[in-house]
Amino acid sequence: MVKQIQRFHREPIINVIIGLKMTNLKDVIIIGGGPGGYVSAIRASQLGLNVTLIENKELGGICLNWGCIPTKSLLKVSEFKNNLDKFKEFGFNISGEITFDIEKIVKRSRDASKQLSSGVKFLLKKNKVEVIKGFASISSIAEFIEINITKDNGNNEKLETKNLVIATGAIPKSLPGIENESDRIWTAKEAMIPKKLPKSLTIIGSGAIGIEFASFYNDMGSKVTVIEAEKNIMPNEDEEISELAKSIFTKKGIKFFNNAQLQTIDLTKNNAISKFKIDNKIHEIVSENVLVAIGVKGNISNLGIEKFSIKTENGHIVTNKKMETNIKNIYAIGDVTSPPWLAHKASHEGVIVAEIIAGHQENHELKKEVIPGCTYSNPQIASIGLTEKQAKQKDIKLKIGKFPFLANGKSITTGDTEGIVKTIFNKETGELIGAHLIGSDVTELINSLSVAKSLETTEIELMKTVFAHPTLSETLHESVLSAYDKAIHI
Amino acid sequence: MVAQIKMPALSPTMTEGKLSKWLIQKSSKVVSGDVIAEIETDKATMEIEAVDDGVLYEIFVEEGTDNVAVGSTLALIKEDNDTEDQLKSFLEKNNDNNLSEKDKKNIQEINSKTDKEIHDTNVDKKFMNVKENISKDERIKISPLAKRIALKNNVNFSSLLGTGPHGRIVKKDIEDLIISNKNITSIDSYHKSSSDKSYRDITHSSMRKTIAERLVKSVTEAPHFFLSVDCDISEINKIRENVNKGDTNISINDFIIKASALALKKFPKANCSWNNDFIRYYNSYDISVAVAVEDGLITPIVKNAISKGIEEISIEVKLLASKAKKGELSPEEYSGGNFTVSNLGMYGIKNFNAIINPPQSMILAVGKAEPRAVVSNNEITISNLMTVTLSCDHRAVDGALGAQWLNKFKDFIENPSLMLL
């Protein structure tokens, strides 16, 4: 006799335990109100959990206040300036000099952040998330987790929670031995709010942050030099794209030094002198400012991480696929955990962790190969999945397609003909294993391929997809066709 | 939320069942763990247990009702915190629920809505996924990539539960399956060498599983009947003597394939397959040929055999058979087919009854061609005879049709020149 038990639909159980000590027991406390934390708080609340979000600074975190958002505002300005520079090409006559006011440019970018930050505040309120401003740390772990919150006025409050989500993000790595003791040496934050446009700027590191600022300041008229320790700029990107990017940026006036080991940054009255070594030869670059953009490390100090032996690695909290740390009921998401350090990864993990805490059973795994990465320089760079080199290292037999924007109708009309779309397929299975794009608006184009990858389409579905004409997205189609020697327009 | 008791899926292929007995009355109390009803399928009887406490509020399906679709709501349980309003509004939605065909659809619609809600809470997902797959007419949800990898590795995924959204089978599921198949095989071979047992267990290969599934389905669902006839192959042998010189080597089987296709053309009603609501008649004449391979058999297809010359068929069959033996057939070379020829003559088998290769309706079992004593005109003469046995699915092909087809086939074999017409 086979028995099968019918399960009934149940609402998530919200425990309200009324007692002397337990009145403040939360289902979830989330530390950090960035794109990981606030999204997680909203989702948890939607699922009927009792949620408290603790943020020390501004809601929206680095992304919204000191990262993704304000830099996109700045880069829109430099793109605008590029277009202004081409006014004759577009048939305009403008007499007189075109000038700009850096203060207004910065204000415009700060306004965008403010608007979105208050939007986050509204969303949290609408979703009945309790928000506490203050610095949170773990004060004890017993049956429940106790959190101490130090508020701005110095008062302390203690809360107990069944689950804790650490979403404190990351902070810029500093160069060993080189402290940011002078306002000549910037982190990304200072580079976002310049008081004046530096005549010259040296950027240490050519990751997404370094390249975005290089592009912005170069377009605005600063003399920009980029120093990179690796063989290629943007070392995480496909080598072919890196090389193409380097040649385009070089043409636009940015100077690059690769394989360069920074030695010292010496400060003079008006300048900073960056000394670096290439093949045992010392080089010197003098510039008004230096931007250090050599990556980030987890923001974990004073959280109680060491005290309660939460496992970390290279300054980041170690989690499993379910976002669990080594301590029961303590989860971590976003930049405070392992790479890629991207806002959209944090948000996605925020949703997943909320659903896990609410008891959802489905498969939650977030596959890293479906997370796109974007650099909003001019031209933009976007990628998903494995690079050609990574794929070859895995011994995958490849089909590679490439299509230049120069052969795309829409690109000709807008005048943005630089760049290519490169698609990489597994020859045996037709899996889209990587896509690497450089060109105008490719950070929008990449999302079509993210959908394709997430749905596990093969080259056949992509080839059968009808792309609208004339659009930049047609380059995606042609690139796929080209991988199988079927491209039409090349 | 009102607790519904639904028709459960006892097996992945179960689509409906019989509600044989209610073990409690309407309005009686139910305690978690109580057996409240019995369900019967053709294979087993099972009990439904309550998992929550409450009162049996309403019964939708009376006991003794046959063919209750999986997922249909059987009854409602009122839990302590359910209000009358909630129950009433639920009942209104299901008001004309007396299990006519239309109502079954309604129920399924409501159920699928409920499923969406359940999706957001805690429920045994796997169970739901099985149900979902079935209710949509056996559509298998699988990503294009997963499907490609599965076909490439000859992995049977028809009963696999995917880990993707709504039970969709994704790449990882297939990869895991391939790895677990491999592990099992390697564990087996280890046991083979190290064990002193008087038997050994070999885990099913995916081909073995497919053969088992398809043939069980055929034997249990399709009522087979068998028609045998002896065919004189003297004429065919004369032709073969003439043409089989040098590289050409046309077999009797090549003629059989051609004759089968031609006979199907003469009796198009026999070229069909049975489906629950209709019989599908084919306009194609694709003949599957059973080929024995190392750990099973596979039926590659001579497509459009009717318009191919016998030599062409011969070359194609040889190519398909050699690909089959090397495991190099591509899915389109063995998927589909309208009719199957299975020939065991080379093993000296005189005649046998073959199991129909679903969803086809007929299969021809071919025995050994040999000289036999035949009485003709009151004299004993020697003829070269071959006994063939046609198996038919009686749901789609009746005795007379099968007999007519077989006679036409015999006609072609005994008078091969007719095949030229």
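Select Gly37(A), Tyr38(A), Val39(A), Ser40(A), Ala41(A), Ile42(A), Arg43(A), Ala44(A) and Ser45(A): these are the buried residues of helix H1(A). Buried here means that 20 or more other C-beta atoms lie within 10 Å of the residue's own; 12 or fewer makes it exposed, anything in between is partly exposed, and the C-beta atoms are placed from the backbone. H1 of chain A spans residues 37-46 and is mostly covered, with nine of its ten residues buried. Helices (H or I, at least four residues) and strands (E, at least two) are DSSP runs, numbered from the N terminus.

Before moving on: this is a predicted model, in which local features need pLDDT of at least 70 and side-chain atom pairs count only at pLDDT 80 or more, while totals for chains, interfaces and linings use all residues. Residues are numbered from 1 along each chain as its sequence is written, with chains lettered from A and ligands numbered from 1 in the order in which they are written.

Now, what covers the buried part of H1(A)? Show strand S2 (25-31), strand S3 (51-55), helix H4 (102-126), strand S7 (156-166) and helix H8 (343-357) of chain A, which are included in that cover. The cover is a matter of contacts (C-beta atoms, placed from the backbone, within 7 Å).

Next stop in chain A: helix H13, residues 474-483, where ten of ten residues are buried. Its cover includes strands S23 (398-404) and S24 (419-426), plus helices H11 (442-454) and H12 (459-464) of chain A. Just past H13(A), look at Asp485(A), with its positive phi of about 55°.

Switch to chain B, which has eleven helices and 18 strands. Of its 421 residues, 32% are buried. Colour the open six-stranded sheet of chain B, in the order S9-S18-S17-S16-S12-S15 with mixed pairing. Its edge strands are S9 (224-232) and S15 (301-302) of chain B, each pairing on one side only. Two strands pair if DSSP finds at least two bridges between them.

Zoom in on S17 (362-376) and S18 (379-393) of chain B: they run antiparallel, over 13 bridges. To see one bridge, pick Ala373(B) and its partner in S18(B), Ile382(B).

Methods:
Two residues are in contact if their C-beta atoms, placed from the backbone, lie within 7 Å.
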